[in-house]
Amino acid sequence: MTIQEALLILDRVLNRSLSNAQEQVFRLSWEGKTYAEIAATTRYDTYYIKNVGAELWKLLSEAFDENVTKSNFQSVLKRYEQRVFLQLSQQRELTAAVKPKLAKNLEFNDRQDWGEAVDVSDFYGRIEELATLEQWITGDGCRLVALLGMGGIGKTALAVKLAERIQAQFEFVVWKSLRNAPPIEELLTNVIQFLSHQQETRFSLTASGLVSQLMTYLRASRCLLILDNVESILQDGERAGNYRAGYEGYSQLIQRIAEVPHQSCLLLTGREQPRDLVILEGRAVRTLQLRGLRQLAAQGLLQTKANFSGSEEEWKALIEHYAGNPLALKMVASAIQGFFENNISKFLEFLNQGTLLFDDIRTLLERQFDRLSELEQEVMYWLAINREPVSFLELQTDLVRPIARSELLESLASLERRSLIERNAIGFTQQPVIMEYMTERFIEMISEEVLDKNINLFMNYSLIKATAKDYIRVSQIRVILEPIASRLLTTFSQEKLATHLKQILLKLRKEFSDSAGYGGGNLINLCHYLQINLANDDFSHLAIWQADLRQVSLHYVNFAHAHLAKSVFAETLGIVFSVAFSPDGQRMAIGDADGAIHLRHVVDGKPLLTLKGHTSWIFSLEWSPDGQILASGSADHTVKLWDAHSGQCLAVFQGHTDRIWSIAWSPDGQTLASGSDDLTIRLWDIQEGQCKVLQGHVGPVRGVSWSPDGRTLASCSHDSTIRIWDVQSSQCLKVLLGHVGQILSVSYAPNSGLSSSVDQTLASSGYDHTVRLWDVREGRCLKVLQGHINEIWSITWSPDGQILASGGADHTVRLWEVSEGQCFNLLRHITRLFSIRFSPDGQTLASGGYDQAVRLWHVHTGQCLNGVYGHSSQLFSVSFSPNGQMLAGGGGDQTVKLWNIQDGRCFNVLQGHSHWIFSVAWSPDSQQLAISGQNCTVKVWNVREGYCLKVLPGHTGQVWSVAWSPDGATLASSSEDQTIRIWDAQSRQCLNTLSGHTDEVWSVAWAPDSHTLASGSLDTTVKIWNVQAVCCLKVLRGHSSWVCSVSFSPDGSTLASGSHDHTVRLWDVRSGQCLNVLAEHTSQVWSVAWHPNGKELASSSDDHTIRLWNVQDGRCCKILQGHTSWVSSVSFSPDGQTLVSSSRDETIKFWDTKTGECLRTLRADRIYEGMNITGVTGLTDAQKVTLRTLGAVES
């Protein structure tokens, strides 16, 4: 065991470092020196050294739980070596270690967010600078202060120290690091959320709008906002102070804060002055150029490294040579300690000879790097790539070549002695200036290698890590992959670069077949970023490590005998309705709209089992208390019990007559409760399969929850009530009233944080956008938690009952501190959320929703750690062109495909959408196509040329439907934001916004007169509008659930609407009366379409069928069967002879409307269509099954 290994063990066991004196005693005792010899070496008094030693051995005795003395401490440490380093290599153990003091103290402060601020408990000098800055900010009222200086000069530490000193003068303190160059929109959204106590939920879509929102808060409260490392958003090169492309919004932020009166202050730190400050500088805007430390402070800093010997003049010469730069001095101190026996005089001799002449910090780093061993250089590159502290085990895993643990430990210790790396409770990392230098060096070296096709580093290091936490991977793309791609494009055109990269692929296959390395994965990631098509490429026999393949089309790519262990692929998840952690926290169950249950490892997200048996959506999943059984409740009216290890279905409970929304185990695991749309709750005896029925609700039962003692059950319903039931007698004990509208979720607290009575605190949420906390014993509402702006689908308690999470249709999860009733964190999804759940340790929250994704969040930081992301080529919308020659279809693969009707050939693919596509609509002349989807916009495309003519922004939520008026003059779009927008088709300007619906508007349709519009909404109503007068003519009521589709008859006299209540309704447009209810579908109706003759109607449903109806008598003429999943859209050909349908099963079917025969089936290529995975290694059987489902093949 080396001294460095021993010190690492102590750090691990003590959860802190030794003091300087303790470490000196420990080091010299390790060398066998007596206390007198230690005193002589360190120039301390012998008595003092003995006292330090006594305290040290007492400390170690308590830590190791045995008597530790100066004579036996080495043998004690050697016994602990194996166990401690095994723990060191476990990421789970490391992340549970004690947090830095600053973060720990401020963890739950809802007015101070210190972000990545460093610990400044060891701070030297800067007395005058602190006084000046404090006067500027608190005395002179400066609105903006910039703290500038070269790398390593101590800007960040000074800013933290200043903020600590003046924090009492501000209502809010917010620290944000710009090191990873966050987009201005992301930064401002996070800051506004914090300043609003997570109450702000509507955010502008522009940087200018977000700055205006921020200014409101800066005027209302006194806020100190610190932005560290501002140089990260500035452009490299000759034009100092200019912003990087895409980061110009920061200029608006700086100018507005500087020029507009408010009571707050923005403190910037950076190596470079943004160009705005030159003009803005004055009374309210000031700049401090930070110089090096003065001699006394610098000397104090150096003495923390070792006890250096030198005269006052020698100290002065050393410090002046490095201009008092703290980082440079720390690095030089390591050299003096390691090579010059702590003697400054000897070091200066070499310095004066020019042997160690460093011009500046960058040259110093370059010289230091060149002196490192090969392994030390590898570690430096990997720490820069990882972007945050990394554990010993992960670092060891990153390395391509196998390295002995002891060798890697020695390299880490060596780098730490040189002050090139730092170590904290989580692992190893670098100071920002060092990380930036290493990142730039890495980008430069990789770029040169790719240009020269000399791929050494390209093989040994990953440009991005597909398996990293989500926020880290995003940062790696931004600061590593993007700059490399940009450099390559300055040399090659896009087309020539594609050819060049394909030549590198040939080189990889020729020289590195069956070799370990990152080359194959890097090439794929680079090509995907550059949008280079990989179809038919050959990656056989290559290592494909850290390739992020979740959104990469790999049609007919050859991966035969490739090693894919460290890559990430797309998943087969449908819309996620339920998530649940196993009691041990090791597994997670996911239930989706395809009726499948996916079991996955939590740590790495790898699939374990897929449980199939349900025939419809799975709304609820619950593990038995012992983790042996998984229960599922479905829209197919059944509850199923599954063996959690084998995946075998153990039992099916039947009795409900409608969809089941919620299930819950009793605490003893003997009874399962289920709540259903059939207005009942059933209590199932697990052993016997018998059930008791609880009746009393007059609306669908959406949630059930057991009290911790198992004696009572709470249920909530669309009837706006919560009922408390005595389980033994089946009697309703209480009815809780307070919510307005449907109640969607109810949950007992695991312990009662608000009430003195055990088992008496209950939470509920619903359509009124609120969460309510109840004292069940008294039947009293304790608190109403407000902040959501739409219905709240799911609530969940942390295991200790101190935190409540809520999530729903406004795309957010709110984390509430229950005792105060305050929201302390807000997590944002892309789409509506259906299910959230805490992990058993309370540190992680899982959320699942409409975007086919499950995300795992760190509860206290709010960072997205990782997730499972489903991919589907499902089609949400198909439409015949008015000329009958083309078909357009769009859906989950973010493209719109155009088919020739005659031969079924896909002749064009419209790309450029970044999210799902929900609706496509042709212009009457068949020349243009309007497309809407998740990205809150409508795009209008020229069909013949295949390019986007115009993007129509304005909606603040996803756009569910778009429709072209029959005269071609106007477009209508409907959105999640509860509005309908009317657009001029020529100018593409928004003419009017129609408001009135109280929930999302899913469908719009024009009447033949091009002046009347119909809309269907999740608020269960249909509205008819006069577009010219901008008024609602009629509100049609009758549906009992969401209205998904509306369509006018060809003569405009009748309106059809399809709903989740399983019915189609026909309405008289003039009177608003319901003419007929077509009620033969057995599940949700997604789409309705009129035959051109106006006598027939087609409807499609979640029951996998299409029905053709005779409108006159309401009779179902034909049932078209053949789809294997829900049918999302139907459209008649202009001549009425053909009906086309699209489905979740990823097919389009053409039907003969007279015979009902399926004429043709089209299937677009799936994401991995034809991808050869024969003989691949590194994948589980479950992963291979998923890949085959997505189109992969094995021979």
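User: Which residues does Ser879 touch, not counting residues up to four places away in sequence?

Analyst: Contact here means heavy atoms within 4.5 Å. By that rule Ser879 touches Met886, Leu887, Ala888, Val920, Trp922 and Ser1131, with residues up to four places away in sequence not counted. This is a predicted model, in which local features need pLDDT of at least 70, side-chain atom pairs count only at pLDDT 80 or more, and totals for chains, interfaces and linings use all residues. Residues are numbered from 1 along each chain as its sequence is written, and side-chain values use heavy atoms, with hydrogens and water left out.

User: Where does Ser879 lie, and is Ser879 buried or exposed?

Analyst: Helices (H or I, at least four residues) and strands (E, at least two) are DSSP runs, numbered from the N terminus. Ser879 lies in strand β39, residues 875-880. Buried means under 20% relative accessible area, exposed over 50%, and partly exposed in between, with a 1.4 Å probe and protein chains only. Ser879 has a relative accessible area of 14%, so Ser879 is buried.

User: How do I read strand order, and what is the order in the open sheet of four strands?

Analyst: Strands of a sheet pair through backbone hydrogen bonds, either parallel or antiparallel. Two strands count as paired if DSSP finds at least two bridges between them. In this open sheet the order is β35-β36-β37-β38, with antiparallel pairing. β35 (833-838) and β38 (864-869) are the edge strands, each pairing on one side only. From one strand to the next the twist averages 20°; axes are lines fitted to C-alpha atoms, for helices over the stretch in contact, and angles run from 0 to 180 degrees between N-to-C directions.

User: How many bridges join β36 and β37, and which residue stands opposite Ala846?

Analyst: Five bridges join strand β36 (residues 844-849) to strand β37 (residues 853-858) in the antiparallel sense. Opposite Ala846 stands Leu856 in β37.

User: Arg855 is found in strand β37. What does Arg855 touch, and why does Arg855 count as buried?

Analyst: Arg855 counts as buried because its relative accessible area is 9%. Leaving out residues up to four places away in sequence, Arg855 touches His829, Ile830, Leu845, Ala846, Ser847, Cys864, Asn866, Gly867 and Tyr869. A polar contact is a pair of N or O atoms within 3.5 Å; within protein, one must be able to donate a hydrogen and the other to accept it, and residues adjacent in sequence count only if both atoms are side-chain atoms. Such a contact, of 3.1 Å, joins the side chains of Arg855 and His829.

User: How should I read the two faces of a strand, and which residues of β28 are on each side?

Analyst: In a regular strand the side chains alternate between the two faces of the sheet. In β28 (residues 761-766), six of its six residues are buried. Thr761, Ala763 and Ser765 are on one side, and Leu762, Ser764 and Gly766 on the other.

User: Which strands pair with β28?

Analyst: Strand β27 (residues 743-748) pairs with β28 in the antiparallel sense over five bridges, and there Ile743 has Gly766 as its bridge partner. Strand β29 (residues 770-775) runs antiparallel to β28 and is joined to β28 by five bridges; Thr761 is partnered by Asp775 in β29. The hairpin of β28 and β29 has three residues between the strands, and in that hairpin His769 takes a positive phi near 70°.

User: How do I read a covered helix, and what covers the buried residues of α26?

Analyst: An α-helix has 3.6 residues a turn, so residues three or four places apart point the same way. Helix α26 (residues 519-529) is mostly covered, with nine of its 11 residues buried. These include Gly519, Leu523 and Cys527. The cover includes α23 (457-460), α24 (470-491), α25 (494-511) and β9 (548-549). After α26 comes Gln531, with a positive phi near 60°.

User: Which residues does Leu508 contact?

Analyst: Leu508 lies in helix α25 and counts as buried, at 1% relative accessibility. Neighbours within four places in sequence aside, Leu508 is in contact with Ile455, Met459, Ser513, Gly519, Gly520, Leu523 and Leu542.
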